[in-house]
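This report walks through a single chain.

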Amino acid sequence: MKCLQATPPLLSALLLLSFASACGSVESPSEAQKPAAQAQAQQHELGAFLSSPNGLAFNGLAFNGLAFNGLAFNGLAFNGLTSAEFSSWFQTDPELGDMVMKYLVQCAVPAGQTRSYTEPDTGLTHTWTGNLGLAPGWAKGAPASLEEQQLISACLAAHTNKYGLHVPLSVLGPTASGTHIPYSAEELASFPEKEGCFFGNLFTDEGVFVGSDGRPLHRTESSTRACALSSPLDKQSQPCLPIVRVDPLCDRFCEKDATRTFYVRCTYNGISYRPVTTRISREDIFVCGDGVCQSTESCGTGTTPNNCADCGSCP
């Protein structure tokens with residue numbers, strides 16, 4: 001499994017996505033160069049899922065254009081980047097930069113590896129852990145290929161959370177090397193609710209998109225994973241800008257792998273993209289009327305999330 005979680009927004013939103021690619025200090029070769037397949041296989045032998053915290057804030061999808069202006073074409077090599085450009089970008093807002101790099105590294109870099117950067121003024125070292133290994137060439141120091149750009153963009157979009165909360169999430173799909181993110185029957189059973197397909201390219205300023213892969217929510221239901229899932233109350237809305245919701249279903253734009261477990265390609269506005277596919281647990285779809293006031297429900301006297309008796313009468 002790949003579990004995603006959310007972090008509250010840090011800045012007022014800049015509404016275009018962009019990301020940095022760089023790191024600093026060197027890890028020991030024995031640890032840094034541990035093959036992703038080996039690390040992933042070991043976890044699955046133990047019956048465990050791959051895990052990946054979900055919670056990139058929307059402003060993290062908009063933190064200036066550093067990646068697009070050049071650093072996207074430098075790799076996340078083991079010894080990292082020590083460029084003045086990366087340092088300048090990171091020092092603009094170290095807290096937000098740390099959050100962006102956390103998700104970028106866990107999307108791009110294989111499990112069992114880390115990337116680090118040390119702030120020159122404070123000596124503080126930030127270390128970020130790889131997980132999904134979607135961009136193996138970029139992780140080794142090569143320029144990001146078009147497929148890697150698309151997969152990183154899709155992965156970062158999938159890691160956002162509208163409500164700034166931590167939500168377990170299964171992430172499925174191809175990597176740029178032609179393999180797929182490892183998964184198990186246990187993972188699919190633990191995350192039975194199909195959620196969405198994320199695709200796009202931030203590196204080329206094409207934006208990012210999400211479609212629904214799951215059932216429509218009932219009028220009494222809501223979820224903190226509000227970008228892909230829709231309900232009668234928000235069917236025509238765009239709740240997750242700058243992530244654009246396409247109407248309505250992934251199947252209209254995307255094709256599945258041979259097992260029909262995840263999507264391998266999405267075509268939108270005449271452009272073909274490599275996507276990632278997400279699933280969630282049933283516990284993360286909330287029902288108004290169950291006696292529990294959830295973060296997606298508002299006070300009221302009715303049984304819809306924006307008028308829910310669970311939350312008490314409005315003053």
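What is the torsion about the S-S bond of C299 and C314, and is the disulfide right-handed or left-handed? The model is a predicted one. In it the torsion is about 105 degrees, so the C299 and C314 disulfide is right-handed. The sulfur atoms of C299 and C314 sit 2.0 Å apart. C299 belongs to the loop between β12 (286-287) and β13 (303-304), while C314 belongs to the segment after β14 (307-308), so this bond ties together parts that are 15 residues apart in sequence. C299 is partly exposed, at 26% relative accessibility. C314 is also partly exposed, with a relative accessible area of 40%.

**Other disulfides**

The structure has seven disulfides. Among them is the link of C107 to C155. C107 is in helix α4 and C155 is in helix α6 (residues 146-158), so the pair ties together parts 48 residues apart in sequence. Both cysteines, C107 and C155, are buried.

Another disulfide joins C254 to C266. C254 is in strand β8 (residues 254-256) and C266 is in strand β9 (residues 263-268), 12 residues apart. C254 has a relative accessible area of 10% and is buried. C266 is buried too, at 0% relative accessibility.

Distances and torsions for these two links are set out below.

| Disulfide | S to S distance | Torsion about S-S | Handedness |
|---|---|---|---|
| C107 and C155 | 2.0 Å | -80 degrees | left-handed |
| C254 and C266 | 2.0 Å | 105 degrees | right-handed |

**Helix packing**

Helix α4 also takes part in a helix pair. Helix α3 (residues 84-92) packs with helix α4 (residues 94-108) at an angle of about 115 degrees. Their axes are 5 Å apart. The two helices, α3 and α4, are therefore roughly perpendicular to each other. From α3, the residues in contact are F86, W89, F90, Q91 and T92. They meet P94, G97, D98, V100 and M101 of α4. By class, the contact residues of α3 with α4 divide into six nonpolar, three polar and one charged.

**The whole chain**

The chain contains seven helices and 14 strands. It has 315 residues, and 55% of them count as buried. Of the contacts with a separation of 6 or more, 70% are between residues 24 or more positions apart. The accessible surface of the chain is about 12,700 Å². Carbon and sulfur atoms account for 54% of that surface.

Terms used. Residues are numbered from 1 along each chain as its sequence is written. This is a predicted model: local features need pLDDT of at least 70, side-chain atom pairs count only at pLDDT 80 or more; totals for chains, interfaces and linings use all residues. Side-chain values use heavy atoms; hydrogens and water are left out. Helices (H or I, at least four residues) and strands (E, at least two) are DSSP runs, numbered from the N terminus. Buried means under 20% relative accessible area, exposed over 50%, partly exposed in between (1.4 Å probe, protein chains only). Contact means heavy atoms within 4.5 Å. Accessible areas come from the Shrake-Rupley method with a 1.4 Å probe; for residues, only the protein chains shown count as cover. Axes are lines fitted to C-alpha atoms, for helices over the stretch in contact, and angles run from 0 to 180 degrees between N-to-C directions. Angles under 35 degrees count as roughly parallel, over 145 as roughly antiparallel, 65 to 115 as roughly perpendicular and the rest as oblique. Ala, Val, Leu, Ile, Met, Phe, Trp, Tyr, Cys and Pro count as nonpolar, Asp, Glu, Lys and Arg as charged, and the others, Gly among them, as polar. A disulfide is a pair of cysteine sulfur atoms within 2.5 Å.
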